[in-house]
Protein chains: 2
Amino acid sequence: MSIDGFFKVSEEYAANPTSNPYGPNPADYLSNVSNFQIIESTLREGEQFANAFFSTETKIAIAKALDEFGVDYIELTSPVASEQSRKDCEAICKLGLKSKILTHIRCHMDDARVAVETGVDGVDVVIGTSQFLRDYSHGKDMMYITQSAIEVIEYVKSKGIEIRFSSEDSFRSDLVDLLNIYRTVDKIGVNRVGIADTVGCANPRQVYELVNTLKSVVSCDIECHFHNDTGCAIANAYTALEAGARLIDVSVLGIGERNGITPLGGLMARMIAADRDYVLSKYKLHKLRDLETLVAESVRVNIPFNNPITGFCAFTHKAGVHAKSILADPSTYEILSPSDFGLTRYIHFANRLTGWNAIKSRVDQLNLQLSDQQCQEVTAKIKKLGDVRRLNIDDVDSIIKDFHAYVTTPVVRPIANGHAPRIPRNLSRLDNGSSSRSSSKGSSHSKSKLR
Amino acid sequence: MSIDGFFKVSEEYAANPTSNPYGPNPADYLSNVSNFQIIESTLREGEQFANAFFSTETKIAIAKALDEFGVDYIELTSPVASEQSRKDCEAICKLGLKSKILTHIRCHMDDARVAVETGVDGVDVVIGTSQFLRDYSHGKDMMYITQSAIEVIEYVKSKGIEIRFSSEDSFRSDLVDLLNIYRTVDKIGVNRVGIADTVGCANPRQVYELVNTLKSVVSCDIECHFHNDTGCAIANAYTALEAGARLIDVSVLGIGERNGITPLGGLMARMIAADRDYVLSKYKLHKLRDLETLVAESVRVNIPFNNPITGFCAFTHKAGVHAKSILADPSTYEILSPSDFGLTRYIHFANRLTGWNAIKSRVDQLNLQLSDQQCQEVTAKIKKLGDVRRLNIDDVDSIIKDFHAYVTTPVVRPIANGHAPRIPRNLSRLDNGSSSRSSSKGSSHSKSKLR
């Protein structure tokens, strides 16, 4: 192939709008990146967040908001946790939501009997399988765990509702024990088996390996639950889907035990980068901000400043070189489109790192006429003030407007008798704002400052 | 091998304290998980955070705190960004810190000439190589980029200081172009080449592939820079180290453009789970909280509620089953040890999800004597009140103390004439606190309530 031919192919590839470098890996035959489901656990895992106390009304409001967002499943606290937990579970089951309702119980017949009477669409059963939990939590051996699991699963299935069996602390469990019990419950016919990174320390390639291995052992769906202690809960979820898991446990803002689990909003950010069409077809992303606000207020926390999507600066561009490119084409520094979430992009131009392209854009917004060179001059002034103190938009707008007034106003010569000359009103406002020391020195001095 | 033999091996494996399922993967021959370095960019990337305005004094305070923490490199804003940026860069170079000082410039000789005069130990050069940035940012072709890179690199090397060459938006750049330019600059003799996920959309397996491929092309160190738009910046950093990258760019709390980059604290959480000894040997983790507080105050944000390590609930355990196991052995639900960071663990027992093991622990803390059965009884009371409203520790302590007073006080019979009976003082406090309706009904009723 000639060099010309090579370049042509390369250019075509680069120009092809359908090739997404962040999309599903074509080598992952088992990938569910474009076929995933969400189990929303704000009302179960989220209730284990230190600050959470959900009244019945709050639970119902959250359940309705999750349903409107379009989550596939809503998971509720075990009905045996407390009397009110059971009543709330029953109340939410009666709402007639499109999302399926699950409750989450220990692998005990006592719990299962209560759970199936609440009206849920499915039961999520969990038992600790790691040596740590077997020693210090329930003290049971694998034989006992397997027998309990079979009894509970067959009972729940006999009631005609969905059943998931999950291990707990899966990544510290013996692999052979794990695969044994998963194969057993798969043969009985569970809807899903679950892997849980209960201590939040799994890493993505480890997740890929375990899910991939499990996928070769069971025929049912695989659900994954990742805690976020080491900040990998979103990445682990994505990698699990790549390996063939189908369902991911999330909560709004990730609230849960300790610092929580995979957050719904963060996972949406991750997934929309991979398959925008699929995500937009299933989930009402423009409801995300209100949903997060509802939950944040319920548990009395602020939305983190750096939250994906809804953090106050998630779509704010600051450095001059970034702003320049974003203005030319947002996809230069932004894969996620704020409009998909009902949000807006923001160019932060009021700072010393600003560039003249950002300022030129602001000049246009203000409906003023300045040449490129004039924009560069006024940008230099803005950067100079930005070196001295924190700027806000009004500061920048004042500098721009005053500069504009100055360059479009004839120069006024100072008069000789020492009286203050007539200064254009806008210009004096600039002088007061940026450097009050020079405000009485006349327009020719101001002009040299301005330029 | 007999089944007995198999079990014996399995038990030994499980009991082996040196086997860490979250440690470096022995199959990763090139892994730098136990040999990584940190380039701390709060004073460069962090200055691009929307809220950041660092005075000279603040920059110096942050640089000193980073140095005390033990970061390997401190990266500063380009000295051509503004006049004060240049002066601050020179001032920080004169502090005589142990951390090496870098500055970050565009791939221009104009910038390089200024940078080498500031006194820095090294210069980080960056240029956009993706079609997006070539079209909309600098408009240069790869030939021009390569020639500029060679000129700048040779100039910086001639001054005897370190040089890094990085592409920008590496994951949307043409792979062949990328490998070509990296090989070229490696041959000239750069200290490091950099990969940057500028738009924050790379995923871990994609990172592994690119770093692994690059590792086979260059002999110098590889540095990685990950934005966090899709919440994968920590996981991508870890996976890059697994693939053979050596240096990770971080900032305190992850502050930077949009919602920022890999956070220092989160990366420490990730790395200590993998190789605690290495992390503790290099970094003063107990200084993390103060460092984060310093930066958070400087940029006027709150530390996110769910921040790794320092979020208010990072070491708080709530659900009954979690609390029970944590009390028996913290490693059941906690791999990260709060004491490594100068922090403390907290069992959240004042809620309806609490369990009797957590309450028994609180009874012990209060230096009271109750049997297991009595602890279960008082736990049922606490869960009942927790169903009605949000509890605080005082509520729980009151219930426990009153219950204790009650079970250790002889029952007082109500007198027949209708006057209020003598009620033990502590018990009436309970009645007032939890159920004022029953406060006038005498002790026998209260007793039945209590039980």
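Predicted model: local features only at pLDDT ≥ 70, side-chain atom pairs only at ≥ 80, totals over all residues.
Helices (H or I, at least four residues) and strands (E, at least two) are DSSP runs, numbered from the N terminus. Residues are numbered from 1 along each chain as its sequence is written, and chains are lettered from A in the order in which they are written. Local features need pLDDT of at least 70, side-chain atom pairs count only at pLDDT 80 or more, and totals for chains, interfaces and linings use all residues, while side-chain values use heavy atoms, with hydrogens and water left out.

In chain A, 6 of the 6 residues of strand E6 (residues 192-197) are buried, so the strand is largely enclosed by the rest of the structure; buried denotes under 20% relative accessible area (1.4 Å probe, protein chains only). A:Arg192, A:Gly194 and A:Ala196 point one way from E6(A), and A:Val193, A:Ile195 and A:Asp197 point the other way.

Strand E5 (residues 162-168) of chain A pairs with E6(A) in the parallel sense over 3 bridges, with A:Arg164 opposite A:Arg192. E6(A) also pairs in the parallel sense with strand E7 (residues 221-226) of chain A, over 6 bridges, and A:Val193 stands opposite A:Ile222 in E7(A). From E6(A) the chain crosses through helix H8 (residues 204-215) to E7(A) in a right-handed β-α-β crossover, that is, with the strands pointing away from the viewer, the path from the first strand over the helix to the second runs clockwise.

Definitions and conventions
Buried < 20%, exposed > 50% of the residue type's maximum accessible area, 1.4 Å probe, protein only. Pairing = 2+ DSSP bridges.
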